[in-house]
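Visitor: I am new to this structure and would like a guided look at it. Could we go through it together?
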Amino acid sequence: MRVFFIGFGQAGGKIVDMFLAHDKKLQNSSFRGIAVNSARTDLLGLHNIDMKDRLLIGQTVVKGHGVGTDNVCGAKITADEIDTIINAIDTRGTHDIDAFIVVAGLGGGTGSGGTPVLCRHLKRIYREPVYALAMIPAPEEGRLYSYNAARSLATLVNEADNTFVFDNSAWKEEGESVKSAYDRLNEELVRRFGVLFRAGEVGQFGVGEMVVDSSEIINTLRGGGISTIGYAISDVITKTKPKKSFFSGFGKKDKEGSSLTGEDKSAKIIGLVRRAMLGRLTLPCDYTTAERALVLVAGPPNELDRKGVEKSKSWVEENIAGIEVRGGDYPVGSNYIAAVVLLSTIGKAPRITELLEQAKETKQDVIKSVDRKSNLFEDAIDPLFE
Ligand code: GDP
């Protein structure tokens, strides 16, 4: 899939920068991207997005210092400067893309406020689908971050064609602070979504046995709402020496036998897909409530197996609410084989329910504290001047 990424805010910019870095390393050109931010220093910290594709907004309001955690301000400056943003996107070129993906952390100000506004305008202007890839904050980041994220997400699901969610709290290790974990989290995120978003592109290793093209990803996401993905990898048996490894240095290696028959290959793929779906999802949720799914297997050509993918699809279909399960594979140069399961239009995700509940409580508390403040000087003596 040829993707146009827009990294909104600090987290969004960093992640798009990383998608482009991976693309470069793999000598691919499926991705292009720009970064939009109200904080100049965040934009300067990027490495793989061209300088001309880094857009500073809100200069007259915040003078390049960022909007802090004020996502209402983030939304306003985005709306005020939407023409400049669209112009930057057009300048970068959109005629050959399959989808837009706006990436942002929803707990802050710029990305949280700007992403729903940008999605609305992109949808109005372009025919291609507009997706959001949203990181939600861990509760330990504080109530304001959760409140921002809940408000932004509730708006976003009505503006984007689908929203992929990555839950920071589900991915950080016990005792690790979210901040120190960011680089690791970003690697995990980009690796998973990279496999999905690269599907359908013909690479140096040819096409798969069962090609997934971008329209199948788009159809899987058609129901809107929120989506999550699962991922698992395994060692391959016959090791090749790939020029650039697709999933290198990642995850635990499975110990396997020394040669695989067709049946073994198929069983291996089914096992991998099961691990992907039953393991940790980008947003942990009740997978049985997913409306649609897509199964993707990527690995060296001699490890791919049509029957394995077919059987995996049937297994996924038995386990989700809907009946639409698409799937396929694509060859890559790697000593690993990877499975990604996209679960689309999720009906139940406890973390999202918790986030929305928390936001409601925060709102009530804010109202109460405003009431308390106004009571303090209610019966005060006349002011010195009016
Ligand atoms: P903005 O620049 O105002 O849009 O705000 P930030 O992007 O700095 O932060 C917004 C939220 O994104 C934070 O509350 C974090 O939850 C999350 N976040 C910030 N940086 C990262 C990052 O590098 N990786 C991930 N996964 N999340 C991040």
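Predicted model: local features only at pLDDT ≥ 70, side-chain atom pairs only at ≥ 80, totals over all residues.

Visitor: Into which domains is the protein divided?
Guide: The protein is divided into domain 1 (3-198) and domain 2 (225-344), with bounds from an automatic or database domain assignment. Their centres, taken over C-alpha atoms, are separated by 27 Å.

Visitor: And how many residues of each are in contact?
Guide: In domain 1, 17 residues are in contact with 20 residues of domain 2; contact requires C-beta atoms, placed from the backbone, within 7 Å. Strand 6 (162-167) and helix 9 are the elements that give two or more residues to the side of domain 1 that touches domain 2. Here helices (H or I, at least four residues) and strands (E, at least two) are DSSP runs, numbered from the N terminus. That side of domain 1 has ten nonpolar, three polar and four charged residues. Ala, Val, Leu, Ile, Met, Phe, Trp, Tyr, Cys and Pro count as nonpolar, Asp, Glu, Lys and Arg as charged, and the others, Gly among them, as polar.

Visitor: Changing topic, which residues come nearest to the ligand?
Guide: Of the 20 residues around the ligand, Gly-9, Gly-105, Gly-107, Gly-108 and Gly-111 come nearest; a residue is near if its C-beta atom, placed from the backbone, lies within 6 Å. Two or more residues of the shell come from each of helix 1 (9-25), strand 4 (99-105), helix 6 and helix 9 (178-198).

Visitor: Which element gives the largest share?
Guide: Helix 1 does, with four residues. By class, the shell around the ligand has seven nonpolar, eleven polar and two charged residues.

Visitor: Now helix 6. How does helix 4 cross it?
Guide: The axes of helix 4 (residues 71-80) and helix 6 (residues 110-125) come within 7 Å and cross at roughly 40°. Axes are lines fitted to C-alpha atoms, for helices over the stretch in contact, and angles run from 0 to 180 degrees between N-to-C directions. Helix 4 is therefore oblique to helix 6. Angles under 35 degrees count as roughly parallel, over 145 as roughly antiparallel, 65 to 115 as roughly perpendicular and the rest as oblique.

Visitor: Which residues meet there?
Guide: Those of helix 4 include Cys-73, Ala-75 and Thr-78, and those of helix 6 include Gly-113, Gly-114 and Val-117. The contact has six nonpolar, seven polar and no charged residues.

Visitor: What about helix 5 and helix 6?
Guide: Helix 5 (residues 82-92) packs against helix 6 at an angle of about 60°, with the axes 11 Å apart. Ile-82, Ile-85 and Ile-86 of helix 5 make the contact with Val-117, Leu-118, His-121 and Ile-125 of helix 6. Six of these residues are nonpolar, one is polar and none is charged.

Visitor: And at what angle do helix 6 and helix 7 cross?
Guide: They cross at roughly 5°, and the axes of helix 6 and helix 7 (residues 143-159) come within 9 Å. Helix 6 is therefore roughly parallel to helix 7. Among the residues that meet are Arg-120 and Lys-123 in helix 6 and Glu-159 in helix 7. This contact has four nonpolar, six polar and three charged residues.

Methods. Residues numbered from 1 in each chain as written. Contact = placed C-beta atoms within 7 Å.
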